[in-house]
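Please have the structure open as I talk.

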Amino acid sequence: MSVPADVSDAGAGQAEAAVRTGLADTSAAKVLVMLDAFRGPKTVLGVTELAHMVGVPKSTAHRLLSIMVEGGFVRKIGGRYCLTERLFEVGNRAGSSAIRSTGLRRRAMPYLTELYAGSRDTVHLATLSGTDVLYLEKLFGHNTGSSPTAVGTRRPAHATALGKAMLAYAPDEQVAAVMAGPFQRFTARTIHSADRLEQDLARVREEGLAYDEGELRDDMHCVAVPILDPETGTSVAAVSVCSFRPQSLKRYAPRLISMARDLSRVAA
């Protein structure tokens, strides 16, 4: 089961909400909202489409796109538009303060590479952003199928092993925000209540590992481990292995726990 297009990213919905709540009254704000609209499942968009998504007249959308093209942030392809490599450069310099300041992403890469080499399955590094998992790195396995994840995209924390691994050690207010719902369902196995999620988080605290057993996609199974700040004990990131061969995942547990222990030492 693939992730529905209208829920694979929140960009367009956030953009429309920003306009409706009066957060995009200035030209500068409208430009930011329009950039945000490109975070949706479609990466090449027309003027009419963007104007509708952002909630501005077509003439305004055209004017704002011209400014973004001139600034090098958007490229025109025929009568349609897409983001440029400049946004890729800016985005790669971003990240949570904990991960950026400690170099955790850089330090994690040798571990991710070793984990991938030993598993040949998909390996992720992610952090929590609000109530979502934000994917920072992804190494593709040979048996990835149609994986619903990509670097720079988000998925609801309650529906992923990565999310549950981090929520088990997240600040109370972040956990409360997820527990308040809604619990969007992707498959019949997706967690759909706060009680069920709390049970899974208790299991993570007991075992040190989190599992996604076909909760984001029916045939995809994942195991994840949290990376903790050694001073506060709160999660700053998580690493997972995902496979379309679920019987193989438990054997990665010792390696994942050892990796998390090593990376947690440098997470602060």
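Predicted model: local features only at pLDDT ≥ 70, side-chain atom pairs only at ≥ 80, totals over all residues.

Let me begin with a pair of residues: R75 stands opposite C82 in β3. Residues are numbered from 1 along each chain as its sequence is written, and side-chain values use heavy atoms, with hydrogens and water left out.

When I speak of helices (H or I, at least four residues) and strands (E, at least two), I mean DSSP runs numbered from the N terminus, and two strands pair if DSSP finds at least two bridges between them. With that in place, β2 and β3 pair in the antiparallel sense over 4 bridges, and they form a hairpin with 2 residues between them, where G78 in the turn has a positive phi of about 65 degrees. The result is an open sheet of 3 strands in the order β1-β3-β2, with antiparallel pairing, in which β1 (45-46) and β2 (74-77) are the edge strands, each pairing on one side only.

Stepping back to the whole chain, the secondary structure comes to 11 helices and 9 strands. Buried residues make up 47% of the 268 residues in the chain, where buried means under 20% relative accessible area, exposed over 50%, and partly exposed in between, with a 1.4 Å probe and protein chains only. Taking contact to mean heavy atoms within 4.5 Å, residues 24 or more positions apart account for 59% of the contacts in the chain with a separation of 6 or more.

Where do the nonpolar cores lie? I use the term for a set of buried Ala, Val, Leu, Ile, Met, Phe, Trp, Tyr and Cys residues joined through side-chain atoms within 4.5 Å. The largest has 29 residues, of which V133, L162, M166, L167, L197 and L201 touch the most other members. At least two residues of this core come from each of β4 (122-129), β5 (132-139), α8 (161-167), α9 (172-179), α10 (194-207), β8 and β9 (235-243), and the largest share, 5 residues, is supplied by α8. Apart from this core lies another, of 24 residues, and L136, L209, Y211 and I227 are among them. Returning to M166, and leaving aside its neighbours within four places in sequence, its contacts are A126, T127, L128, V133, S235, A237 and A238.

Next, helix α7, residues 104-119, which has 16 residues and reaches 22 Å from its first C-alpha to its last, close to the 22 Å expected at 1.5 Å a residue; that expected span is 1.5 Å times one less than the number of residues. In α7 the buried residues include L104, A108, L112, L115, Y116 and S119. Just after the helix, R120 takes a positive phi of about 60 degrees.

Two polar side chains deserve a look. R217 is found in the loop between β7 (210-213) and β8 (221-228), and it counts as buried because its relative accessibility is 11%. Its side chain makes a polar contact with the side chain of D219 at 2.6 Å; a polar contact is a pair of N or O atoms within 3.5 Å, where within protein one must be able to donate a hydrogen and the other to accept it, and residues adjacent in sequence count only if both atoms are side-chain atoms. S264, in helix α11 (residues 253-264), is also classed as buried, at 12% relative accessibility, and its side chain reaches the backbone oxygen of A260 at 2.7 Å. Leaving aside neighbours within four places in sequence, S264 is in contact with P226, I227, L228 and P230.

I will finish with E213, which lies in strand β7 and counts as partly exposed, at 38% relative accessibility. Not counting residues up to four places away in sequence, E213 touches R189, M220 and H221, and E213 and R189 are 24 residues apart in sequence and 7.4 Å apart in space, C-alpha to C-alpha.
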